[in-house]
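Please walk through this structure step by step.

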Amino acid sequence: IDFILLNKQTVFIAKRIVFVMAQKLTTDAFSSFWKLCKRLSNESSYKLKTSLIKEYITKKSDNSGKYQGNLYLLAKFLLPGKEKRIYNVKDKQLLKYFSQIFKTDLKSMTEHLEKQGVVSDTVMDFFSKSHTVKPLSKSNLTLIEVDEDLESLSKETKEDAQTAILKKISKKCTTDDLCYIVRLIKHDLRTNCGAKHFLDALDENAYEAWQASSDLKQVIEKWQANKDESSMIPGLKKTISIKATLMTPVKPMLAEACKSIEQAFKKCPNGMYSEIKYDGERVQIHKDGEKFQYFSRSLKPVQPHKIAEVKDFIPKACPQGDSLILDGEVLLMDSNTNQPLPFGTLGIHKKAKFKDATVCYVIFDILQFNDENLMKRSVQERRKILQDNVTEIPGRIVHSEMKVVTKKQELQSMLKKCFAQNLEGLVLKDIKGKYEPGKRHWLKVKKDYLQKGAMADTADLVVLGAYIGTGNKGGLMSVFLMGCYDESRGIWVTVTKCGNGHDDDTLKKLQKQLKMQKISKDFSKVPMWLDVDRGLVPDYVIADPKNSQIWEITGAEFSQSSTHTADGISIRFPRVTRIRNDKDWKTATSLKRLKVLYKESKETTDVEMPSTSTNTTKAKTEKKSPKKIKEEDQTSPAKKEKKLKRKSEESTSTLKNEVEEDSSKKKKKKDDDDDNDGTTTKQKKACTFGEKCYRTKNGEHMKEYSHEKNEVENEKDQKMKETTDKDKELCNVFTDMCFTIHKDVPKKKKIKRFIIAYDGDVVDDVEDSDVTHIITETHITEAKATTIQVQPEWVWICVKAKKLFKIDPFLLVTAS
């Protein structure tokens with residue numbers, strides 16, 4: 001009897017194990033995942049997307065609400081862009097690998113991709129027709145299996161190894177399985193679904209908690225722990241607490257565009273802090289005891305050389321804080337004027353041009369102080385804690401310039417001051433506002449937001465080329481290379497890339513209207529009339545730039561760029577505001593005119609902002625509005641001639657005054673010299689020993705003889721000084737390049753030091769996704785196909801020449 005009972009118990013347990021395993025297999029089935037993705041793709045409503053995810057999680061949970069599977073793994077798969085793996089493969093590489101796996105023509109796959117723009121769809125289409133590796137009819141994969149395969153793929157860099165893993169994966173897949181695996185590799189499931197959709201399905205505070213901690217696994221574990229606790233105590237409902245975690249980046253609070261003073265006071269009825277918008281690089285500093293971590297706006301670790309000059313001052317500025325989280329910006333501060341230098345100068349701090357500047361960390365918020373989370377406190381309270389506990393070190397660690405604003409005239413005054421100093425704008429913060437990670441509840445006021453964009457910088461540029469889009473714009477020319485004509489050289493130069501401003505209908509029409517030639521980003525096929533950086537070579541170039549379209553490009557401001565060839569001038573945040581059918585290449589903005597516009601844009605702008613009075617809005621700027629320009633174009637020739645004559649007379653009068661003033665100054669200087677000891681320097685005889693004279697204490701000798709250097713010696717010293725200053729100048733040679741140096745390269749440390757000094761970045765990991773160049777003596781087979789392998793001699797030649805030297809003679813491998 002005991003034996004029979006034991007056997008029955010064993011059978012029951014076995015059945016129970018099989019049931020649980022079957023349930024778990026169903027819960028973690030990969031097919032369940034991609035079916036959910038398809039439903040999310042077909043649903044446009046935000047709330048219904050969240051409902052679909054909530055329904056899916058509830059269906060896969062037991063009676064207590066505990067999810068019967070790996071919820072974190074599901075989250076990682078649904079949000080591939082948030083918990084990123086780096087696979088080191090791009091669209092063309094994927095096509096190459098799968099063309100070999102399916103024994104298919106690569107050219108056919110490439111053409112298919114160019115037509116529809118989504119690489120996963122191309123792979124799925126050719127997989128369905130494959131006779132070598134045939135798709136399965138039923139999906140048997142689990143999330144865990146797919147996760148393990150993708151982890152293996154992320155660790156491989158060699159083409160053969162990557163191809164082998166993808167072939168192994170393909171053999172286990174249906175067409176839908178492989179389609180969504182490729183989408184996971186590309187970090188785009190095409191569901192138009194983000195972290196908020198998933199986290200809102202869990203808990204009303206889950207998304208805010210994730211923004212504060214940036215730790216998806218921790219948020220899910222907290223949710224699961226709350227569920228477990230709630231199931232044990234009937235009626236208990238717990239929500240996830242929101243707080244920052246030391247040494248884990250907090251998603252920064254952001255600002256939305258503010259287009260008028262009225263809007264600002266409507267958004268901040270309690271009054272506001274008006275703060276200078278510093279145009280540096282946002283850095284979040286975490287301090288835990290003696291340890292420090294630095295994170296960028298995108299939550300990545302900050303490059304060490306960008307923070308190196310201020311990190312030693314941070315412990316001195318925060319002696320009382322054992323644990324801190326600070327939010328601020330790193331920028332260059334002019335030592336003479338105590339004013340911040342423009343955006344982009346941080347990378348060239350060591351240059352002679354900025355020898356009177358120091359790297360400075362400007363703190364504008366504090367999120368944690370000695371284990372107390374401050375994000376729930378008001379700006380006013382946080383500011384006081386910051387001022388009481390973080391000491392300023394002039395030129396190195398400073399508090400942001402903030403002022404309490406309660407009247408519109410005060411805000412107007414601050415804007416005028418801001419624009420007069422060529423600063424980007426202001427950030428406005430509600431005086432009672434909390435720190436909300438990732439939320440755009442601050443306001444930012446910039447020139448291009450005001451007066452319906454009348455103050456923005458604009459230029460009429462020529463369409464020179466185009467780039468093929470991806471996703472919804474796949475197969476279409478959707479980003480355009482804009483430029484202007486350089487009259488001095490007789491060629492066309494690039495100013496900016498622009499992909500904003502056209503609606504879908506206009507974009508479709510442009511595909512036929514623009515007469516383009518395909519060059520597929522091949523630098524050797526770039527026409528002689530176009531001067532373009534190797535890294536900006538487009539997919540298409542215009543057949544004839546003199547017959548191309550002219551577009552008005554509007555941006556936040558004119559800026560400096562190391563990659564564009566229009567004398568380094570570019571446009572920040574460009575967008576197309578209109579197609580200028582009334583203009584041709586001759587009347588478009590030339591390089592000469594662009595330089596003038598750039599110079600004018602940096603001059604002081606006096607702006608009269610909207611006020612509470614009934615008077616109409618008035619704006620006085622040195623730049624003319626389109627309306628004013630049109631009125632001037634219609635002015636009669638006689639009036640124009642009279643105006644020019646008046647300007648000429650004013651210029652002559654001004655010049656005359658300046659000459660008279662200069663003469664007066666020279667006369668005064670001469671009189672001052674004559675009063676010195678009753679004898680001018682010119683009347684003295686030159687001492688044979690000059691500055692090295694041993695009789696300088698003899699009064700009679702000093703009155704009779706001059707000890708200044710003669711003209712020849714002065715000229716020699718001046719030349720020597722200029723040569724020395726020139727030798728000390730460090731040029732902007734390796735901007736936007738990221739190097740890794742092979743261990744066998746001689747003088748590795750010295751090369752690294754010079755690359756960083758000349759504005760390049762150096763990393764140790766050859767697999768780092770940012771690496772553009774490998775410095776090596778011999779060809780490295782395991783390196784990415786997209787990376788340029790070059791001999792170290794090229795670096796030394798570039799350093800000596802203080803500019804990028806032709807790389808071709810030193811190439812070991814050219815990036816594909």
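In what kind of contact do the side chains of Arg39 and Glu55 meet? They meet in a salt bridge, with 3.7 Å from N to O; the term stands for a side-chain nitrogen of Lys or Arg within 4 Å of a carboxyl oxygen of Asp or Glu. Arg39 lies in helix α2 (residues 30–42) and Glu55 in helix α3 (residues 46–59), so the pair ties together parts that are 16 residues apart in sequence. Helices (H or I, at least four residues) and strands (E, at least two) are DSSP runs, numbered from the N terminus.

This is a predicted model, in which local features need pLDDT of at least 70 and side-chain atom pairs count only at pLDDT 80 or more, while totals for chains, interfaces and linings use all residues. Residues are numbered from 1 along each chain as its sequence is written, and side-chain values use heavy atoms, with hydrogens and water left out.

Arg39 is partly exposed at 42% relative accessibility, and Glu55 is partly exposed with a relative accessible area of 44%. Here buried means under 20% relative accessible area, exposed means over 50%, and partly exposed is in between (1.4 Å probe, protein chains only). The areas come from the Shrake-Rupley method.

The structure holds 31 salt bridges. Another one joins Asp365 and Arg382, whose closest N and O atoms are 2.7 Å apart. This pair links distant parts of the chain, with Asp365 in strand β6 (residues 357–369) and Arg382 in helix α17 (residues 379–389), 17 residues apart. Asp365 is buried at 4% relative accessibility, and Arg382 is buried at 1%.

Glu552 and Arg578 also meet through their side chains in a salt bridge, at 3.2 Å from N to O. Glu552 belongs to strand β18 (residues 550–555) and Arg578 to strand β21 (residues 575–579), so the bridge links distant parts of the chain, 26 residues apart. Glu552 is buried, with a relative accessible area of 13%, whereas Arg578 is partly exposed at 38%. Salt bridges can also be joined up: Lys76, Arg85, Asp147, Glu151 and Lys155 are linked in a network of them.

Next come the loops. Thr174 sits in the loop between α9 (159–170) and α10 (175–185) and is buried at 7% relative accessibility. A polar atom of the Thr174 side chain lies 3.1 Å from the backbone nitrogen of Asp177. The phi angle of His187 is near 60°, a positive value in a residue other than glycine. His187 is partly exposed, with a relative accessible area of 23%.

Lys747 has a phi near 55°, again positive in a residue other than glycine. Its place is the loop between β24 (738–741) and α25 (748–757), and Lys747 is exposed at 59% relative accessibility.

Asp288, Glu290, Asp322 and Asp371 form a negative surface patch, and Lys90, Lys92, Lys497 and Lys521 form a positive one. Patch residues have over 30% relative accessible area and no salt bridge, and like charges are joined within 9 Å. Asp288 is in strand β3 (residues 281–288) and is partly exposed at 37%. Lys92 is in helix α5 (residues 91–102) and is exposed, with a relative accessible area of 59%.

Note on methods: Patch = residues over 30% accessible without salt bridge, like charges linked within 9 Å, V, L, I, M, F, W, Y side chains within 5 Å. Areas by Shrake-Rupley, 256 points an atom, 1.4 Å probe, with all protein chains shown as cover. Lys, Arg positive; Asp, Glu negative; His and termini not counted. Charge placed at Lys NZ, Arg CZ, Asp CG, Glu CD. Polar contact = N/O pair within 3.5 Å; in protein donor to acceptor, adjacent residues only side chain to side chain.
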